[in-house]
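User: Please take a close look at one residue of this model and describe its local setting. Then place that setting within the wider fold.

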Amino acid sequence: MKSCAVVLGLLVGCIIAGATGYFSDSGIRTAPAVSFIWVKTFPLSVYGPIVLPLLAVYIVLMMEAIGDITATCDVSRLEVEGELFDSRIQGGVLADGFNGLLSGLLTITPLSTFAQNNGVIALTRCANRKAGYAACFFLLIMGIFSKFAAALVAIPAAVLGGMTTFLFAAVAVSGVRIISTVSFTRRNRFILTAALALGFGATLVPNWFQYVFTYEGDNHSKKGFFNAITLVCETGFALTGFSAMFLNLVLQEEVEDQIVDEIQEGVEAAKTADRNDDEMDREEWARIEKGRGADLEKAVGKEV
């Protein structure tokens, strides 16, 4: 039942919306029964001025993919640091870029990873890869059979918005949990504060950067370059990510911060050693109790 919580929630919401007159089936009735992506064909070409803006879009999607993969590892109870985690990030970014390449060949804009999936995993506690394969299968089915896709698109905005709000809140909680694992030294506090300040500012005032580059000439390549910079600076999470990466590379660790980190590492090592000692003690006591039981059986056997 837990694995079906999201589906059941959407179903109940649709039933209530239909009973109150908020559900419309016009999209389902007008959608074709079967369709395919290559119904119409277009000649392949490269439009130079759009290259840099699209490159900026891919960079923004890469930053989103890194955050989503990190949150997915967290809600799936996997490690969020180390070589294995880095390999997951590399594979995820590579797969995301390849999907974006296929999207361009299919005459659509590049697709991004869905952060809502992290909320679904946190809600249902289902992080099995087979569930992802099943989701891919249903996406293919919906891409071919348009009636099926139109039924999902027909879900009222109020129902879908309520669900996505909860799921995005779960993603935010995962992000806060990951941040809490970092030692809050003066350097890390400054990096986090500066990055979040820029990101929140770009989110609250999305057009803050559009008056920085006011080029109106005939050089389309130059205009595309400025549009790419504007796109990155007006995207809150991308600006936050790039700012944090830049400050993390530029600002050096302070001596007192290194001492704090070493102390924390020592405390963690001591806890690990204590846990290992406790396990060894339990094993030793189990052997002692087993030996005592054997001796007692021998003594009883002799008396008999």
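Analyst: **One residue and its surroundings**

R77 has a relative accessible area of 69% and is therefore exposed; by the criterion applied here, exposed means over 50% relative accessible area, buried under 20%, and partly exposed in between, with a 1.4 Å probe and protein chains only. The model is predicted, so local features need pLDDT of at least 70 and side-chain atom pairs count only at pLDDT 80 or more, while totals for chains, interfaces and linings use all residues. Residues are numbered from 1 along each chain as its sequence is written, and side-chain values use heavy atoms, with hydrogens and water left out.

The position of R77 is the loop between helix 3 and helix 4 (83-105). Helices are DSSP runs of H or I with at least four residues, strands are runs of E with at least two, and both are numbered from the N terminus. The backbone at R77 has a phi near 60°, which is a positive value in a residue other than glycine.

Is D74 buried or exposed? With a relative accessibility of 10%, D74 is buried. Setting aside residues up to four places away in sequence, D74 touches V80, S174, R177 and I178, where contact means heavy atoms within 4.5 Å. C73 is likewise buried, at 4% relative accessibility.

Of the partners of D74, S174 and R177 are among those listed, and helix 8 covers residues 157-180. The axis of helix 8 comes within 7 Å of that of helix 5 (residues 116-124), and the two cross at roughly 85°. Axes are lines fitted to C-alpha atoms, for helices over the stretch in contact, and the angles run from 0 to 180 degrees between N-to-C directions. Helix 5 is therefore roughly perpendicular to helix 8, the bands being 65 to 115 degrees for roughly perpendicular, under 35 for roughly parallel, over 145 for roughly antiparallel, and oblique for the rest. Helix 5 contributes Q116, N118, G119, V120 and L123 to this contact, and helix 8 contributes T164, F166, L167, F168, A170 and V171.

The largest nonpolar core consists of eight residues: V6, L10, C14, A17, I155, V159, M163 and L167. Such a core is a set of buried Ala, Val, Leu, Ile, Met, Phe, Trp, Tyr and Cys residues joined through side-chain atoms within 4.5 Å. Helix 1 (5-19) and helix 8 are the elements giving two or more residues to this core, with helix 1 supplying the largest share, four residues. Beyond residues up to four places away in sequence, V159 touches L10, G13, C14 and A17. A separate core of five residues includes V60, A228, V232 and A238. In soluble globular proteins, nonpolar side chains tend to be buried together.

As for the whole chain, the secondary structure comprises twelve helices and zero strands. Buried residues account for 23% of the 304 residues. Among contacts between residues at least 6 apart in sequence, 77% join residues at least 24 apart. The chain exposes about 21300 Å², of which carbon and sulfur atoms supply 67%; the areas come from the Shrake-Rupley method with a 1.4 Å probe, and for residues only the protein chains shown count as cover.
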